[in-house]
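Try each task yourself before you read its solution.

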Amino acid sequence: MARLRRVCNFGPAGIYAFLQPHLSQPRFKPLKNQAHRFCIAPMMEWTDRHCRFFHRLLTRRALIYTEMITTGAVLRGDRARLLGFDPAEHPVALQLGGSDPAALAQSARIGADLGYDEVNLNVGCPSDRVQEGRFGACLMAEPRLVGDCVAVMKAAVKIPVTVKCRIGIDDQDAGLSPRENRDIPPLDYERVYRLKRAHPALPIIINGGIPSVAAAAAHLDHVDGVMMGRAAYQEPWRLLDVDPTLFGAPAPFDSSRAAACALVPYIEREVARGARLHAITRHVLGLFHAVPGARAFRRHLATEAVKPGAGAKTFLDALAFVGDGADAARTAAA
Ligand SMILES: Cc1cc2nc3c(=O)[nH]c(=O)nc-3n(C[C@H](O)[C@H](O)[C@H](O)COP(=O)(O)O)c2cc1C
């Protein structure tokens, strides 16, 4: 299997040459809202609904993606558990994995009916599991099939249908394991910018190795949007800058601590419904990166949140380790 180079997120015409025969005029509709200026990447086992709810507390404007969900899971799995989301998550995009056009069309329709704002086809994820199923990154080698899939998905729903793909497919990267390929993607931003210049009407969202909101802002001079993955997840405090810096809107909270406090009612509700505290708080561990008390915050949650009966009080006890001036301390250290 050829390894794939560099990750980026394109609108449908990332596979332009092949899609053209299927598309009605106008060929590329701009995405309706501006949320795609900043997207939080789909990340399996990370961007579950708890994570998305938490991220939404930090940015009201970003477009948030689900983990990839296969068509098999959508059509035959526990739909409420796999596809359920909180209304507060909007705008939220459902990422699908699959390569059977009919199954993708049906799954897209189910997603649209459930209220997702966009449906995205994964043509970029190189995990072993995904390759076995003939979807994800291996679809990069089958652009006609991708074209067929996107065409039927577009016909099935009124919401935007997008494709997340890589900018190339390359045997030279064959030495990298799927995880390495995912974690250390060779990047070529200039190539993505060139693609945008060549197809100005095509919405293009760039992704891969973008470390900060300031870096994201710089990309916006060249492309329509930026997608951030690991930096958003591992250092979620960065998301508080998204609305002011990229959307000219106030941040939802003026500190990471205030955002964390706003998670408490959600924790109470979800734990009362049977969720384990750790399933929620594991996504919050990076919130106080590099500020006094951060290590004690993480340690408390790591040991206590997994215990039976752990709930909002456990989270508040962890928060007590972090002072009110956490963000100021981080800024001073930067
Ligand atoms: C833990 C993890 C899970 C991922 N799962 C998915 C996925 O489900 N679908 C997908 O298209 N990409 C997936 N990716 C790739 C990310 O969406 C993103 O393209 C990649 O991490 C590069 O962006 P970044 O450098 O900002 O992290 C995953 C990445 C990570 C680290």
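The exercises below go from the whole protein to single residues, each with a worked solution.

**Before you start**

This is a predicted model, in which local features need pLDDT of at least 70 and side-chain atom pairs count only at pLDDT 80 or more, while totals for chains, interfaces and linings use all residues. Residues are numbered from 1 along each chain as its sequence is written.

**Exercise 1. The overall picture**

Task: find how many helices and strands there are in the protein, and what percentage of its residues is buried.

Solution. 
- Step 1: Start with the term for elements: helices (H or I, at least four residues) and strands (E, at least two) are DSSP runs, numbered from the N terminus. The protein has 18 helices and eight strands.
- Step 2: Next comes burial. A residue is buried if 20 or more other C-beta atoms lie within 10 Å of its own, exposed if 12 or fewer, and partly exposed in between, with C-beta atoms placed from the backbone. Of the 334 residues in the protein, 45% are buried.
- Step 3: Now contacts: two residues are in contact if their C-beta atoms, placed from the backbone, lie within 7 Å. Among the contacts with a separation of 6 or more, 73% are between residues 24 or more positions apart.

**Exercise 2. Around the ligand**

Task: work out which residues are closest to the ligand and how the shell divides into nonpolar, polar and charged residues.

Solution. 
- Step 1: A residue is near a molecule if its C-beta atom, placed from the backbone, lies within 6 Å of it. The ligand is surrounded by 23 residues, of which A41, M43, M68, G229 and R230 are the closest.
- Step 2: Two or more residues of this shell come from each of β3 (63–70) and α11 (230–234).
- Step 3: Sort the shell by type. Ala, Val, Leu, Ile, Met, Phe, Trp, Tyr, Cys and Pro count as nonpolar, Asp, Glu, Lys and Arg as charged, and the others, Gly among them, as polar. The shell holds 12 nonpolar, seven polar and four charged residues.

**Exercise 3. The largest nonpolar core**

Task: identify which residues of the largest nonpolar core touch the most other members.

Solution. 
- Step 1: A nonpolar core is a set of buried Ala, Val, Leu, Ile, Met, Phe, Trp, Tyr and Cys residues joined through C-beta atoms within 7 Å. The largest one has 80 residues, and C39, V119, M153 and M228 touch the most other members.
- Step 2: Helix α7 (residues 143–156) gives the largest share of this core, six residues.

**Exercise 4. Buried or exposed?**

Task: classify L94, L301, A290 and E45 by counting C-beta atoms within 10 Å.

Solution. 
- Step 1: L94, found in strand β4, has 26 other C-beta atoms within 10 Å, so L94 is buried. Beyond four places in sequence, the residues that L94 touches include T66, Y116 and V119.
- Step 2: L301 lies in helix α16 (residues 294–304) and is buried because 24 other C-beta atoms lie within 10 Å. Setting aside neighbours within four places in sequence, L301 is in contact with T281, L285 and A318.
- Step 3: A290 sits in the loop between α15 (277–281) and α16. With 14 other C-beta atoms within 10 Å, A290 is partly exposed.
- Step 4: E45 belongs to the loop between β2 (38–40) and α2 (49–58). With 8 other C-beta atoms within 10 Å, E45 is exposed.

**Exercise 5. Backbone angles**

Task: find which peptide bond is cis at P91.

Solution. 
- Step 1: The bond from H90 to P91 is cis, with omega near -5 degrees.
- Step 2: P91 is placed in the loop between α4 (79–83) and β4 (92–97).
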